[in-house]
Amino acid sequence: MTDSELIVDLRGRPIETLDDFWDAVSEPCGLPTWFGRNLDAWSDTIETRGISEVIDSHDVLTVHVDQRGLFAGNRQTAQVLAEIFDGEQNRLVVHPLT
């Protein structure tokens, strides 16, 4: 049996801030309008589940982003966001620009 995976590919999309990230993941992840748009709310959504029917209907969530903007260098906000992804059930893949 293979896991059901939700792949959210944000490569090519400019993501400079967390607000840009929330805007980018809201629709493909099925985030409700009342989603808190903060790191605690995201943690609850992907770790605890029960907030997004779309995410909950998959065993694994993988989000692909470019290594630019928010995800370039060592920005603290991006590091905290990346730490929320556990690498197993929830994955953040940062792709270097070529």
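Is Arg37 buried, exposed or partly exposed? I find Arg37 partly exposed, at a relative accessible area of 32%; buried means under 20%, exposed over 50% and partly exposed in between, with a 1.4 Å probe and protein chains only.

Provenance. I note that this is a predicted model, in which local features need pLDDT of at least 70, side-chain atom pairs count only at pLDDT 80 or more, and totals for chains, interfaces and linings use all residues. Residues are numbered from 1 along each chain as its sequence is written, and side-chain values use heavy atoms, with hydrogens and water left out.

Backbone. I checked phi next. Most residues other than glycine have a negative phi. Arg37 has a positive one, near 50°, and lies in the loop between H1 and H2. Helices here are DSSP runs of H or I with at least four residues, strands are E runs of at least two, and both are numbered from the N terminus. Arg49 also has a positive phi, near 70°, and is placed in the loop between H2 and helix H3 (53–56). I looked up its accessibility as well: Arg49 counts as buried, at 13%.

I listed the contacts (heavy atoms within 4.5 Å) of Leu10. Beyond its neighbours within four places in sequence, Leu10 is in contact with Ile15, Phe21, Ala24, Val25, Val63, His64 and Val65.

Aromatics. Rings of Phe, Tyr and Trp (its six-membered ring) pair if their centres lie within 6.5 Å; planes under 30 degrees apart are stacked, over 60 edge-to-face, the rest tilted. I get 7 aromatic pairs by this rule. Trp22 and Trp42 make a tilted pair, 5.9 Å centre to centre with 50° between the planes. Trp22 lies in helix H1 and Trp42 in helix H2, so this pair ties together parts 20 residues apart in sequence. Both Trp22 and Trp42 are buried.

Phe35 and Trp42 have ring centres 6.5 Å apart and planes at 85°, so I log this pair as edge-to-face. Phe35 is buried too. One aromatic cluster is formed by Phe21, Trp22, Phe35, Trp42, Phe71 and Phe85.
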